[in-house]
Number of protein chains: 2
Amino acid sequence: MMREVAVIGVGMTKWGELWEKSLRTIYVETALLALEDAGLDHIDSMYVGSMSSGLFVGQEHLASLLSDYLGQNPVPAARVESACASGGLALRMGFIEVASGMSDFVLVSGIEKMTDVSGYEATYALGTAADQEYEGYHGITFPGLYALIARAHMEKYGTTREQLAMVAVKNHRNGSLNPLAQYPYQISVESVLNSVLVADPLRVLDCSPITDGAAALVLCPADKAREMKKPVIKIIGSGQATDTIALSSRKDITWLESTFQAAKRAYDMAGKKPKDLDVIEVHDCFTIAEICVLEALGVVEKGKGGEATEQGLTSLEGKIPVNTSGGLKSKGHPVGATGIAQVIEIVKQLREEAGKRQIKGAKIGLTQNMGGSGGSSLVHIFERE
Amino acid sequence: MMREVAVIGVGMTKWGELWEKSLRTIYVETALLALEDAGLDHIDSMYVGSMSSGLFVGQEHLASLLSDYLGQNPVPAARVESACASGGLALRMGFIEVASGMSDFVLVSGIEKMTDVSGYEATYALGTAADQEYEGYHGITFPGLYALIARAHMEKYGTTREQLAMVAVKNHRNGSLNPLAQYPYQISVESVLNSVLVADPLRVLDCSPITDGAAALVLCPADKAREMKKPVIKIIGSGQATDTIALSSRKDITWLESTFQAAKRAYDMAGKKPKDLDVIEVHDCFTIAEICVLEALGVVEKGKGGEATEQGLTSLEGKIPVNTSGGLKSKGHPVGATGIAQVIEIVKQLREEAGKRQIKGAKIGLTQNMGGSGGSSLVHIFERE
């Protein structure tokens with residue numbers, strides 16, 4: 001009943017502290033690249049993932065604003081939000097709309113302009129992804145929540161401080177090969193261990209940065225992509241799930257149930273298993289997050305995420321390369337845009353356009369995008385035809 | 001290819017200044033009513049329309065929070081935003097998801113908790129629906145934008161100050177018959193004309209209020225609704241469109257192009273014309289808005305909205321009753337919830353459950369929900385089977 005859907009265009013500009021550009025400028029530059037890549041100047045509908053344009057730049061009604069400045073009025077334009085998983089949600093909405101037959105060419109995108117406010121204000125805005133009344137108002141912020149997870153994982157599974165650092169080292173090594181990354185620099189385990197303490201055991205080099213940036217994709221029915229003689233990168237699985245938003249309500253804070261559930265749905269739809277994956281992008285907002293995500297995705301056994309990283313399983317040369325783009329850690333994390341940028345990396349890998357970080361012969365990829373401390377997750381699986 | 005979709009459950013509690021209830025309490029009470037009406041205790045997916053929970057209550061990641069407190073984890077939950085049209089957008093997303101075959105039972109809802117902040121903060125939050133850089137930062141707020149539209153309409157078409165007042169009088173009369181309305185009181189033309197001036201020519205009784213409230217619907221495939229022996233209220237048309245977000249970019253500020261375009265798409269999908277409609281709910285955020293919307297929907301000719309109101313065309317006894325619920329004016333306007341509450345009124349009318357405001361034999365209804373000063377519009381058409 002549902003139509004096959006393909007990604008036929010991707011667009012992204014360099015991420016960073018883009019003080020010289022406004023939100024609408026960043027968006028339009030990015031979206032035009034995706035349209036150019038798809039060979040289109042018109043779309044049928046658009047989705048914008050953004051976590052908190054209201055708190056970051058004082059602008060809601062965001063999709064209408066951006067459709068206007070992109071010259072696409074009167075097309076339907078919808079902004080969607082699932083905290084840091086807003087980009088993944090935009091992808092899923094576009095996927096459903098194309099699959100349903102409602103529209104053919106849909107622009108799905110994500111954006112966040114985070115550096116126009118003070119550090120305090122940015123921390124407050126990000127904190128609204130947690131349960132404000134039961135977490136935020138009592139003083140905890142996201143580094144603290146993930147520090148609790150990290151400490152529990154270390155206690156329960158013997159994960160080491162060094163293994164956490166190795167996630168950051170790997171992702172920065174990958175990011176150093178990505179010219180669009182915010183911090184395309186290699187770092188060492190020592191530099192992570194000696195960086196400023198944020199929330200014990202997490203140090204500043206365990207944390208993804210504050211970033212301005214956008215990312216955009218064009219989706220269409222796979223049939224149309226074939227007619228247009230485009231490389232056909234199909235979305236073969238889409239899974240979305242929620243979990244309790246407050247950490248205190250979970251039975252085991254080291255286990256990301258929403259990622260497990262979203263992955264299960266995506267694997268089932270795609271008819272694939274973790275062992276079928278050639279390359280994956282995951283939500284490493286903190287180093288411990290990548291470790292927990294690998295476990296919830298079934299890529300490694302429960303408790304083995306740190307050890308697998310140490311053994312090189314997830315490196316560029318490993319059995320299952322993870323975050324070849326540099327991940328949130330090195331590439332940057334403009335929260336609403338992250339879920340879309342993950343897809344861009346997978347599309348580049350499956351098209352064999354990933355340059356020095358290309359995984360040879362990659363055919364199947366996965367993206368995992370997460371809101372807050374795992375209150376929501378989106379997992380998508382892609383296959384090159 | 002797309003499946004027929006029906007509304008099988010509706011839920012709404014009394015709207016007002018609900019200082020004794022938190023956002024999550026208001027939501028759960030409302031959503032449980034909709035589930036009870038549908039005869040369900042479980043759903044497959046949910047959408048929450050909310051304009052700015054970030055600015056109003058410091059909470060993003062809203063859909064995950066609410067799915068958690070509704071006891072529905074791990075179902076997919078998405079928050080969508082199109083300013084004051086966020087509710088209409090949630091409906092459309094649920095419609096597409098059910099029509100696509102992705103899910104069967106989808107809860108679509110809207111919520112806004114607006115009275116926990118000061119009047120200044122609420123005005124700022126609402127102002128983020130305008131183009132902040134080109135409108136808001138120069139000092140204009142929504143009453144001012146709609147006052148410009150009203151003045152232009154009066155100049156161009158001879159619409160009178162009294163005709164504007166008559167919109168409010170009609171809607172308050174209807175609202176006086178709706179026990180869930182925030183202000184279920186009748187008012188007179190004189191009281192409108194003598195009320196406090198907000199932005200010339202608009203007075204406070206021309207303006208919809210600040211409200212706390214939620215509204216929820218359950219959607220499912222029409223086939224399932226029939227199997228469940230429920231009254232089948234089908235969604236036969238869905239249209240969404242955008243326009244320039246800033247008023248200054250429009251050729252004619254008295255014309256709501258996004259509503260015209262959204263209506264055209266909805267009429268085309270439904271195979272209906274304005275003359276086929278028995279009852280409609282429109283976005284009367286200000287009295288002038290209802291007049292312009294009637295024209296853009298094709299219910300009256302261009303420029304004739306005021307005259308039609310004066311002649312009683314849109315009253316309960318008129319040819320085409322408009323805002324039988326009391327509209328935003330009397331029922332209240334918790335911005336994200338409005339588009340869903342409009343549907344609840346239409347469903348009640350088509351089920352013949354509208355009590356003293358029942359339109360006899362109503363079979364086809366329409367809802368029109370609008371963001372900002374018309375930067376986005378959603379139009380839906382419903383038919384009783």
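In the predicted model, the C-alpha centres of domain 1 and domain 2 of chain A are separated by 23 Å. According to the domain assignment, domain 1 of chain A comprises residues 5–118 + 211–227, and domain 2 of chain A comprises residues 140–208 + 236–384. Contact between the two involves 34 residues of domain 1 of chain A and 29 residues of domain 2 of chain A. On the side of domain 1 of chain A that touches domain 2 of chain A, two or more residues are given by each of β1 (5–12), α4 (86–100), β4 (106–112) and β7 (213–221) of chain A, and the most come from α4(A), which gives eight residues. By residue type, this side of domain 1 of chain A consists of 19 nonpolar, eleven polar and four charged residues.

In chain B, helix α3 (residues 62–69) is largely enclosed by the rest of the structure, because seven of its eight residues are buried; these are B:Leu62, B:Ala63, B:Ser64, B:Leu65, B:Leu66, B:Ser67 and B:Asp68. Just after α3(B), a positive phi of about 75° is found at B:Gly71.

Helix α6 (residues 142–157) of chain B contains 16 residues and spans 22 Å from its first C-alpha to its last, which is close to the 22 Å expected at 1.5 Å a residue. Its buried residues are B:Phe142, B:Pro143, B:Leu145, B:Tyr146, B:Ala147, B:Ile149, B:Ala150 and B:His153, and the elements that cover these buried residues of α6(B) include α5 (119–127), α7 (161–175), β5 (197–199), β6 (202–203) and α11 (287–296) of chain B. Just after α6(B), B:Gly158 adopts a positive phi of about 75°.

How values were computed. Residues are numbered from 1 along each chain as its sequence is written. Chains are lettered from A and ligands numbered from 1 in the order in which they are written. This is a predicted model: local features need pLDDT of at least 70, side-chain atom pairs count only at pLDDT 80 or more; totals for chains, interfaces and linings use all residues. A residue is buried if 20 or more other C-beta atoms lie within 10 Å of its own, exposed if 12 or fewer, and partly exposed in between; C-beta atoms are placed from the backbone. Helices (H or I, at least four residues) and strands (E, at least two) are DSSP runs, numbered from the N terminus. Domain bounds come from an automatic or database domain assignment. Two residues are in contact if their C-beta atoms, placed from the backbone, lie within 7 Å. Ala, Val, Leu, Ile, Met, Phe, Trp, Tyr, Cys and Pro count as nonpolar, Asp, Glu, Lys and Arg as charged, and the others, Gly among them, as polar. The expected span of a helix is 1.5 Å times one less than its number of residues.
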